[in-house]
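Thanks, everyone. I have one model to go through today, and I will keep to a few parts of it. Please have the sequence and the structure open.

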Amino acid sequence: MLFLRIFFVILPFFNLAWLSGHERPLSIVMIGGGPAGLGAAIEAKLGGAHVTIVEKRKAYTREQYFFLWGASLGILKQWDVNTADFYLGYDDIDHELVGVAQIKKFERALEERVKELGIPKIVGAFKEIRNKKAVIIQNGQEIELPYDLLVGADGEHSVVREQLGIECRNLGKATGCIAVLDKKNPTLHFVLPLWSESLFINNISIPSMTIISGQSNIINQDLLAAAAFREGWTDEASLIASGHGIFFEQIPVSLQQALTFSNAEKSAILLGDAAGTASFLQGLGANTALEAAVVAGRFFTSSHTEADYAAYNQALQELTDRLISDSAFLFK
Ligand SMILES: Cc1cc2nc3c(=O)[nH]c(=O)nc-3n(C[C@H](O)[C@H](O)[C@H](O)COP(=O)(O)OP(=O)(O)OC[C@H]3O[C@@H](n4cnc5c(N)ncnc54)[C@H](O)[C@@H]3O)c2cc1C
């Protein structure tokens, strides 16, 4: 009896959430609605959290294509994301099911699932953290969003990272070049990925076009044509050399890694390109972002103890270390 009385006297001094898990759904503000933010928002919602996405772009318009690993397709399936607008096929080397999608179509497919799950999305730009609230600029006005957890999925130039005082290691810069060739190829064909000492090049054919991508310290249309020729892709090489195609040249790519991936005091974590940015043509960025979203999903359902933050940091360290070491050879 005495024990029970003592228990009820001291009970109010404890956080109820500590005794019974979260007594209300965890409230997450996700800054950035790119692949990492949309994916992590789906994870959060499926894990029972209340999540709001803040994205500064009004629409998804990125025209470039990117390449998805088999593991990423598995994650998308788990999230019930519709991949009908993607090109899927088996790669020539490992015979693994892989995919190609226009970035905007990939983002729209994720957004569609976000909508189906009833996740709210606000169009606005994150500015700063003020008294555990995210300050957002929307139509020139400030709005404040309170949160239990803030997620910085706001890309390479992350404002959240800056607000958390997390420094970044800048490890190098490189250039990308993409040629989209109108070559009516009746079959899907993926040659992935090929690289030499300082050049990465790949060749992906889908029914209506062939995409040749290259990344190096220096790469332009001529060097891409020469590299394609060396790989034995003579038709593609001559199309590139004669300027028959759509070219995306001088795409800047940086190699950078955050020094840490969370700030427990400010209840915030980083994700995707905000945590680490590397070679995009090798199919690392968005694929790693999806893996990181799954890791974040585990963190969302944890109790957010110091040990949980440490485990999150460790997992992101491993993911981004892999990203960095796999592409370091392509950077100055
Ligand atoms: C040409 C090109 C080809 C690529 N090809 C591949 C590929 O083949 N495979 C691959 O895996 N990756 C590829 N990538 C890389 C891939 O696009 C990125 O790694 C991936 O998009 C990272 O996702 P993210 O969500 O972390 O960041 P982002 O895609 O950069 O998304 C961040 C989002 O945050 C928003 N945002 C930024 N600041 C704020 C703010 N203050 N407030 C609110 N919103 C904000 C941005 O508008 C953006 O939508 C390619 C990239 C490019 C440019």
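By class, the residues in the shell around the ligand divide into 17 nonpolar, 10 polar and 5 charged. Keep in mind that this is a predicted model. Which residues come nearest to the ligand? Of the 32 residues around it, those are Gly32, Gly34, Gly155, Gly272 and Gly285. As for secondary structure, the elements that each put two or more residues into the shell are α3 (35–46), β2 (50–55), β3 (65–68), β7 (125–130) and α9 (285–300). The most comes from α9, which supplies 4 residues.

Next, the sheet. There is an open sheet of 6 strands with mixed pairing, and the order across it is β6-β2-β1-β10-β17-β16. Which strands stand at the edges? They are β6, residues 121–123, and β16, residues 262–263. Each has a single partner strand, so one side of each is left without a neighbour in the sheet.

β6 pairs with β2 in the parallel sense, over 3 bridges. Within that pairing, Val54 is placed opposite Ile122 of β6. On to the pairing of β2 with β1, residues 27–31: these two strands are also joined in parallel, here by 5 bridges.

Last, a single residue, Asn220. Where is Asn220 placed? Asn220 is in the loop between β14 (209–216) and α7 (221–230). Why does Asn220 count as partly exposed? Asn220 has 14 other C-beta atoms within 10 Å, and partly exposed covers the range between the exposed limit of 12 or fewer and the buried limit of 20 or more. If we leave aside the neighbours within four places in sequence, Asn220 is in contact with Cys177 and Glu249.

Notes. Residues numbered from 1 in each chain as written. Predicted model: local features only at pLDDT ≥ 70, side-chain atom pairs only at ≥ 80, totals over all residues. Pairing = 2+ DSSP bridges. Near = placed C-beta within 6 Å. Nonpolar A, V, L, I, M, F, W, Y, C, P; charged D, E, K, R; others polar. Contact = placed C-beta atoms within 7 Å.
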